[in-house]
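The tour goes from one selection to the next.

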Amino acid sequence: MNQRRPRRPAPRPPEGTPARSELAGMARSGLADAARVARWADSALGPGSATADGKATLSDATADHAARELGLPVAKVRADWDTARLAGLVEVHGGTARPGWRLRAWNRDDSAVLRGWVALFDAWSLAHPEPAGQEPAAVAEVVSAMPQVLSFLQLSAGPVPVEQLLDLLEQRVTELRTERCEVPYGPRLEPGTPGAEPDPAPATDTALAPLLDWALHALASVGALTCGDGHATLTPLGSWAVWVKLEQICVAAQSPAGNIEQSAEGMLRGCAQLRPNAARAEYRAWLAARPVGSAVAELLGAARGEDALLRGLAFEALRVVGAPAEPDVRGVLDEPTLRPYALLWLAEHDGADPEDAHEVLTRTEATWLWVDTAAAVADHGEAPLLVRHLESAVQATVPALLDEVRAVGHPRTVQVLVALAAAHPDPALAKAVRRAAFQVHTGGS
């Protein structure tokens with residue numbers, strides 16, 4: 001008998017954390033200027049006119065225009081525009097920018113607001129560039145070490161001396177340097193011997209103090225903490241965001257079905273027998289342990305394989321990714337195998353009801369998708385499910401369906417029709433389906 005794993009109870013934020021509605025209000029307040037510039041651009045600019053360098057940076061003329069109409073300095077307009085981009089209020093597509101879905105949902109969807117603020121929080125090192133003259137490697141080390149510093153701040157639940165944070169940062173950076181050291185092949189020379197590799201140098205406060213100061217002020221600029229009197233304190237939003245990140249790590253470490261270390265294909269196969277909610281939990285755990293860009297690329301790679309079931313599951317996982325996956329999903333529209341899935345994903349992402357999203361497909365695309373889904377059912381499902389799949393076809397009659405299935409050219413057409421004929425209880429219909437399979441196989445009409 002199958003035994004179901006006990007569900008992990010929904011985690012609760014630390015005591016004293018404001019309600020989500022209050023946190024969303026704080027985020028709206030902190031991002032009000034960015035939202036104002038994004039709305040101005042939405043109403044005042046035509047498509048693509050906001051770009052100057054192919055990266056959706058405001059041109060000088062556009063920045064001056066916004067400054068005049070909003071009564072702001074040009075530098076403030078540019079800063080607010082950059083914040084809007086980092087928070088997803090403005091989305092970059094190729095060389096143009098357009099209003100993001102979060103801007104559309106800004107006044108009615110607290111989750112969209114909080115996700116936007118967390119996106120800005122994640123990009124704190126971009127929102128406030130490091131001081132000039134710093135070694136890029138040292139900056140990267142500090143950025144990598146700051147999650148541990150933030151975790152300590154969150155667990156402390158109050159002001160922490162900056163000197164104590166500097167000690168912690170030094171320890172973490174030293175650990176990172178030690179972890180990067182490779183064990184050399186061959187005999188190892190004693191330290192001090194000519195030609196011997198030096199031991200990793202400990203991080204020093206003189207080198208890291210300016211970078212810690214930069215990091216704290218960058219995090220303060222996005223509203224994650226406050227600095228003053230030699231102490232740093234997380235804001236309610238910052239404390240909540242760090243808690244969310246810690247919970248994501250816990251979810252990743254406690255992947256319900258144990259697929260967290262698998263490749264995308266292995267993870268999707270592991271999710272094939274899970275119920276939808278359990279599968280989504282597994283997708284979230286897998287995604288939390290990986291950079292978004294590489295995770296999306298790996299999922300699309302799995303979708304390009306021969307297994308139609310993995311294709312459908314890959315796009316379900318991409319629905320969990322949400323907006324960050326949009327450019328990559330748009331990038332596969334020219335691939336016939338992925339196009340119907342990508343069109344449905346984009347329609348739902350743009351706000352279409354999942355029940356109506358199929359309307360974006362042409363008749364041929366819908367038929368191709370029907371065959372692909374039938375292939376997944378034939379390979380992994382049961383015969384009654386394949387028979388019920390007939391009801392989802394867009395064609396009104398079985399003969400019309402068979403005509404269009406034969407014309408669509410799906411590589412699994414013959415196998416699907418043979419499996420359907422074997423499964424269907426109606427002898428006359430099964431005979432017609434077998435005949436269609438034979439005609440496709442022989443190239444007849």
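How are H17 and H18 oriented relative to each other: roughly parallel, roughly antiparallel, roughly perpendicular or oblique? Before the answer, two notes on what you are viewing. This is a predicted model, in which local features need pLDDT of at least 70 and side-chain atom pairs count only at pLDDT 80 or more, while totals for chains, interfaces and linings use all residues. Residues are numbered from 1 along each chain as its sequence is written, and side-chain values use heavy atoms, with hydrogens and water left out.

**Stop 1: H17 and H18**

Select residues 339–349 for helix H17 and 363–380 for helix H18. Helices (H or I, at least four residues) are DSSP runs, numbered from the N terminus. The two axes cross at roughly 105 degrees and come within 9 Å. An axis is a line fitted to C-alpha atoms over the stretch in contact, and angles run from 0 to 180 degrees between N-to-C directions. H17 and H18 are therefore roughly perpendicular to each other. The cut-offs are under 35 degrees for roughly parallel, over 145 for roughly antiparallel, 65 to 115 for roughly perpendicular, and oblique for the rest.

Now show side chains. On the H17 side, pick Arg 339, Pro 340, Tyr 341, Leu 343 and Leu 344; they meet Glu 365, Trp 368, Leu 369, Asp 372 and Thr 373 in H18. Contact means heavy atoms within 4.5 Å. The residues of this contact divide into 6 nonpolar, 1 polar and 3 charged. Here Ala, Val, Leu, Ile, Met, Phe, Trp, Tyr, Cys and Pro count as nonpolar, Asp, Glu, Lys and Arg as charged, and the others, Gly among them, as polar.

**Stop 2**

Buried means under 20% relative accessible area, exposed over 50%, and partly exposed in between (1.4 Å probe, protein chains only). Among the buried residues are Trp 345, Leu 346 and His 349.

**Stop 3: H12 and H14**

Select residues 264–271 for helix H12 and 292–303 for helix H14; they pack at about 70 degrees, with axes 8 Å apart. H12 and H14 are therefore also roughly perpendicular to each other.

**Stop 4: two cysteines**

Select Cys 271, which is buried at 2% relative accessible area. Cys 227 is partly exposed, at 34%.

Key
Helices (H or I, at least four residues) and strands (E, at least two) are DSSP runs, numbered from the N terminus.
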